[in-house]
Amino acid sequence: MGRDVIVACDFASAKQTFDFLDRFTGRKPFVKIGMELYYAEGPEIVRQIKARGHRIFLDLKLHDIPNTVKKAMAVLSRLDVDITNLHAAGTTAMMEAALEGLTRPDGTRPLLIAVTQLTSTDQAAMERDLLIREPIADVVMHYAITARNAGLDGVVCSPLEAGKVHDACGAGFLTVTPGVRFADGDTGDQKRVMTPTQAREIGSDYIVVGRPITAASDPVAAYERCVAEFVDK
Ligand code: C5P
C-alpha cells in the first residue's frame, strides 16, 4: 500500500455515514471507522462499507490482557479490514498475542499498528497520572520501537513525529498521522497540526483527516484537495 488519505468517518449512525459516502462517485476513499460508529452500529457497518469497495482502518484501540486481545483480534480478522490497532501500553506480550489472534488460518492478516501516547496526554498528565517521568518524545519513540520489536507494522503518531519514527524503526514501519489541517483552515481542538503537503514532506505514510473533509461545504472537493497535496504530487 502506498501513501494515502484516510477519511475519519466520525459519525453516530449508518445513515449519516452513507449520506456522506454517497457523495463520492469517483475515487473510493480509504475510511476510518472509530469507536463511535462501531459501537453505534456494530460489525455490520464494517461489512457494509467494505462491500461498497472502501478500504478500512478499524480504529478500536484494544488494550486488555493478552488472551482477551488475542481472541478479540481473531474475531476482528474475520471482518477483513485493512488496518486495525491497539495501545502499545498493553506491552509486548499483548501485542504479540494480538498479532497471533489477527493472523488468519491462511497466514494473511490486516496490518496492525499501535497507539503510543495519545496526543491528548501531555507531559504533566503523564507524570502525574501514569508516573512516567521521561520526556514524552522519548516515551513515544520507546513505545514505537517496542511495537516494531513485537512485530507490528507501524504506529499512529503526530505528523511531527513521523520522521523520527522512521529514523528509529525503519522506512517500512508505517506512520499513520491525524492532526492534519489545510493551511487556510480551522485547527479546531487539534493543537499540533500540519498541512497535507508538510505531512508528505516529513514522510507520513497515511494521513487521517476528519472534520476538514466531513464538515466541509464540499467534502468531495476537500478530499480531492488532500489527495492532490498528499498523494498525487
Ligand atoms: O476531525 P479530525 O481531523 O481532527 O479527526 C482526526 C481523527 O483522528 C479523529 O477520528 C480522532 O479521533 C483521530 N485521532 C487523533 N489523534 C490521535 C489519534 C486519533 O486525532 N492521537
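Is T17 buried or exposed? In this predicted model, T17 has a relative accessibility of 0%. Buried means under 20% relative accessible area. T17 therefore counts as buried.

Where does T17 sit along the chain? T17 belongs to helix α1, which covers residues 14–21. Set aside the neighbours within four places in sequence, and T17 is in contact with C9, F11, L37 and I49. Y223 is 206 residues away along the chain. The C-alpha atoms of T17 and Y223 are separated by 15 Å.

The space that the ligand takes is the largest pocket.

Take D10 to begin with. An N or O atom in the D10 side chain is 2.8 Å from an oxygen atom of the ligand. R181 also has a side-chain N or O atom 2.8 Å from a ligand oxygen. For R211, a polar side-chain atom lies 2.7 Å from an oxygen atom of the ligand. How much of the ligand does the protein cover? On its own, the ligand has 470 Å² of accessible area. The protein covers 83% of that area.

Next comes T197. Its place is in helix α9, made up of residues 196–202. The relative accessible area of T197 is 17%. The cut-off for buried is under 20%, so T197 is buried. Which residues does T197 touch, not counting those up to four places away in sequence? They are E229 and K233.

The last stop is G170. This residue lies in a loop. The loop runs between α8, residues 159–169, and β7, residues 174–177. G170 has a relative accessible area of 26%. Partly exposed is the class between buried, under 20%, and exposed, over 50%. G170 is therefore partly exposed. R148 is 22 residues from G170 along the chain. The C-alpha atoms of these two residues are separated by 9.2 Å.

Terms used: Residues are numbered from 1 along each chain as its sequence is written. This is a predicted model: local features need pLDDT of at least 70, side-chain atom pairs count only at pLDDT 80 or more; totals for chains, interfaces and linings use all residues. Side-chain values use heavy atoms; hydrogens and water are left out. Helices (H or I, at least four residues) and strands (E, at least two) are DSSP runs, numbered from the N terminus. Buried means under 20% relative accessible area, exposed over 50%, partly exposed in between (1.4 Å probe, protein chains only). Contact means heavy atoms within 4.5 Å. A polar contact is a pair of N or O atoms within 3.5 Å; within protein, one must be able to donate a hydrogen and the other to accept it, and residues adjacent in sequence count only if both atoms are side-chain atoms. Accessible areas come from the Shrake-Rupley method with a 1.4 Å probe; for residues, only the protein chains shown count as cover. On a 1 Å grid over the protein atoms alone, a cavity is a set of points where a 1.4 Å probe fits but cannot get out, and a pocket is an open set with protein on both sides within 12 Å along at least five of seven lines; lining residues have an atom within 4 Å of a point. A molecule sits in a cavity or pocket if more than half of its atoms lie within 2 Å of its grid points.
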